[in-house]
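Trainee: Could you take me through the salt bridges in this model? I would like a close look at how the partners are placed.

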Amino acid sequence: IVTNAKALAQALYERGINVLYEKKGFTESHMMIMDITKYGNGFEIEKRLEKANIIVNRNLLPYDIRSGRDYKAPGGVRIGVQELTHLGMKKSEMIEVADMMKKVIVDNEDSTKVAAQASELRKDFQKVQYCFSSEHGAYEYVKIR
């Protein structure tokens with residue numbers, strides 16, 4: 001998970017997105033945070049990425065309040081890679097995700113076109129790989145009793 005988080009953070013950074021803590025290796029966990037004020041606010045970017053089938057959370061940055069931003073439209077977004085990793089995605093897929101995110105955030109491409117690309121990437125990852133059993137589909141309802 002951490003390897004994938006670092007790979008996604010590095011790829012986003014290389015594509016012009018300001019992923020914070022670059023000098024510290026971006027992250028030591030499943031998530032990273034980006035300052036996206038160059039491209040909009042966290043609320044706008046969150047919604048655009050959601051339409052592209054990429055789920056992130058808007059997130060306050062340490063300096064947002066001083067800059068006049070609040071929790072409704074903060075300067076940051078965060079993303080985690082645990083779900084992608086559980087489904088078996090690796091570094092090459094993290095690079096594809098970064099490319100899709102760049103199209104939405106930096107290039108301002110139509111989110112619905114990117115949504116189709118995200119769905120195409122996701123179709124090959126339907127079984128849980130790194131958690132419990134992969135006997136069932138990742139989102140298949142399993143009746144316990």
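Mentor: The model is predicted, so to speak: local features need pLDDT of at least 70, side-chain atom pairs count only at pLDDT 80 or more, and totals for chains, interfaces and linings use all residues. Residues are numbered from 1 along each chain as its sequence is written, and side-chain values use heavy atoms, with hydrogens and water left out.A salt bridge is a side-chain nitrogen of Lys or Arg within 4 Å of a carboxyl oxygen of Asp or Glu. Searching the whole structure gives 8 of them.

Start with K47 and E50. Their closest N and O atoms are 3.6 Å apart. Both residues sit in helix α2, residues 42-51. A helix here is a DSSP run of H or I, at least four residues, numbered from the N terminus. K47 and E50 are 3 residues apart, so about one helical turn separates them. K47 is partly exposed, at 33% relative accessible area. E50 is partly exposed too, at 39%. (Buried means under 20% relative accessible area, exposed over 50%, partly exposed in between, with a 1.4 Å probe and protein chains only.)

Now move to K123. This lysine forms a salt bridge with E120, and the closest N and O atoms are 3.4 Å apart. K123 is partly exposed, at 44%. E120 is partly exposed, at 47%. K123 also meets D124 in a salt bridge, 3.5 Å from N to O. D124 counts as exposed, at 58% relative accessibility. Shared partners join E120, K123 and D124 into one network of salt bridges.

How values were computed: Helices (H or I, at least four residues) and strands (E, at least two) are DSSP runs, numbered from the N terminus.
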